[in-house]
Amino acid sequence: MVPANLISLFAVIIGVVLVLRFFSKTSLFRILKKWWGLLEDRLYLYQFYKVPQFNQRLQENQLYRKVFTYLNSLPCVEDSDFTNLFSGNKSNEINLVLDSNQIVVDNFLGARVYWTNEKCLKTGSRTLVLKIRRNDKRRILRPYLQHIHTVFDEIEQRRKEVRLYINAENEPDRNGRWISVPFTHPSTIDTIVMDLDLKNKVKSDLESFLKSKQYYHRLGRVWKRSYLLCGQSGTGKSSFIAAMAKFLCYDVYDIDLSKASDDSDLKMLLLQTTNKSMIVIEDLDRYLSEKSTAVSLSGILNFMDGIFSCCGEERVMVFTMNAKDQIDPTVLRPGRIDVHIQFPLCDFSAFKSLANSHLGLKDHKLFPQVEEIFQTGASLSPAEIGEIMISNRTSPSRALKSVITALQTNSDARGASKNGQRLSQSGSGRVVEESGDSGVFCRENINTMKEFRKLYGLLRRSSRKESLDLDSLEKENSRHEN
């Protein structure tokens, strides 16, 4: 027989376990745990450290970014009372992000540390506050911060996320000068349609820059490089910028000069960029010719290579223009622009690359006809030809015929605009040359058409006639083959 007191003891133990299990799932347990934490805080002396999001000059505090990323990676964030959920870059990815005034408890080398995410209601700025016991401060503070740096680098290496920053913030005094989004542009150096030799030269130049820190310092120069991308709209300048950023794994700072209030404001924007960044100003020739910004020419020149441009390293500056014929030579001199890259309209070689990437065609019976039209001087931008191929991607033959029609329309428009003037140069030639340390230059040997706005309107109005013409063209080609 089991003694009655032993049965009673088991019953009491089971009852206590059930009560504790019940209370552990209720708010009462959380309240008791919070009170115990407050009592524990009273018994220890703590040291507090603040990590503000911005410094006095409204520059982003890189340590804040690292700590914030580290804390959001901790498993204990999931156990917090309140946490924000955001979608990630992948369709099935969900990110947990700290909320304001949320407390995160971390353990390091046997010591417990506390982080609080505070937001100032007056200024809107955020601050991460570290609370650590005074007895543990000397032992773990520096190793703990180094641990945060290491974990952050590992996270960034796994993500390899490039971000796009724009100076579109309406309240810079509260939120800083830049706002950012993930930069998910799909272009890469390999997918860019470009002269292969020129592409390899640019790629080699970028690789050399990444390895040249000691070389630049030995010369007494700031470790930065500047590129000018010149070409008409639709020739691939923006896509090439995206490809460069992906190749370098640099964040992109896209500066809108129209939002800069004066020269000093432009300098402040530059000061608040980070190392390992690509600083971009598009359509610089438009700003210079139309004077559509409050920033002066002197301010732009100082931005490019003045003292303020030396307040950071490992940077790449990229400027784009439609044409540089009317640009002041002082803007283009070496030192301000190291590498000039010309983006021409599409020629037959580029057309074949587009046909291969967009339609999967390495050769076709219509290629000789396309080449013949290119030799007459007709040309379109890669974006225009690419769009025609995308719209007709289910039928490669129809896509090529549409390109032929568009090129013929372009050729007729060129003939009408020139009033029968003789074309001075062939449309398929291209010269690629390199000029010492000043970089890679690419020139097109044809007088390209500056405007081609009526093309798609003409094609749209003649869509019915085009189908008949294309059928006739196909029959004629079949007759020749037979």
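Which residue forms a salt bridge with Arg225, and how far apart are the closest N and O atoms? Asp205 is the partner of Arg225, and the closest N and O atoms lie 2.9 Å apart. The legends below place this pair and other details in the chain.

The model is predicted, so local features need pLDDT of at least 70 and side-chain atom pairs count only at pLDDT 80 or more, while totals for chains, interfaces and linings use all residues. Residues are numbered from 1 along each chain as its sequence is written, and side-chain values use heavy atoms, with hydrogens and water left out.

**Figure 1. Overview of the chain.**
The chain contains 18 helices and 15 strands; helices (H or I, at least four residues) and strands (E, at least two) are DSSP runs, numbered from the N terminus. Of the 482 residues, 41% are buried. Here buried means under 20% relative accessible area, exposed over 50%, and partly exposed in between, with a 1.4 Å probe and protein chains only. Among contacts (heavy atoms within 4.5 Å) between residues at least 6 apart in sequence, 69% join residues at least 24 apart.

**Figure 2. The salt bridge between Arg225 and Asp205.**
A salt bridge is a side-chain nitrogen of Lys or Arg within 4 Å of a carboxyl oxygen of Asp or Glu, and by this rule the count comes to four. In this view, Arg225 and Asp205 have their closest N and O atoms 2.9 Å apart. The pair links distant parts of the chain, with Arg225 in strand E9 and Asp205 in helix H6, 20 residues apart. Arg225 is buried, because its relative accessible area is 11%. Asp205 is likewise buried, at 16%.

The side chains of Arg333 and Asp305 meet in a salt bridge of 2.6 Å, N to O. Distant parts of the chain are linked by this pair: Arg333 belongs to the loop between helix H12 (329-332) and E13, Asp305 belongs to helix H11 (residues 297-305), and the two are 28 residues apart. At 33% relative accessibility, Arg333 is partly exposed, and Asp305 is partly exposed at 24%. Salt bridges that share partners join Asp305, Arg333 and Arg336 into one network.

Arg139 and Asp136 form a salt bridge whose closest N and O atoms are 3.5 Å apart. The two residues are separated by about one helical turn, because they stand three residues apart in helix H4 (residues 134-159). Arg139 is partly exposed, with a relative accessible area of 43%, whereas Asp136 is buried at 13%.

**Figure 3. The largest nonpolar core.**
A nonpolar core is a set of buried Ala, Val, Leu, Ile, Met, Phe, Trp, Tyr and Cys residues joined through side-chain atoms within 4.5 Å. The largest one has 29 residues, of which Phe240, Met244, Met278, Val316, Val318 and Ile341 touch the most other members. At least two residues of this core come from each of helix H6 (196-210), strand E9 (224-231), helix H8 (237-248), strand E11 (277-281), strand E12 (315-321) and strand E13 (339-343). H8 supplies the largest share, seven residues.

Ile279 is found in strand E11 and is buried, with a relative accessible area of 1%. Not counting residues up to four places away in sequence, Ile279 touches several residues, including Tyr253, Leu270, Phe303 and Val316. Ile279 and Asp254 are 25 residues apart in sequence, yet their C-alpha atoms are 6.2 Å apart in space.

**Figure 4. The side chain of Thr409.**
Thr409 lies in helix H16 (residues 396-418) and is buried, at 18% relative accessible area. The side chain of Thr409 reaches the backbone oxygen of Thr405 at 2.9 Å.

Notes
Polar contact = N/O pair within 3.5 Å; in protein donor to acceptor, adjacent residues only side chain to side chain.
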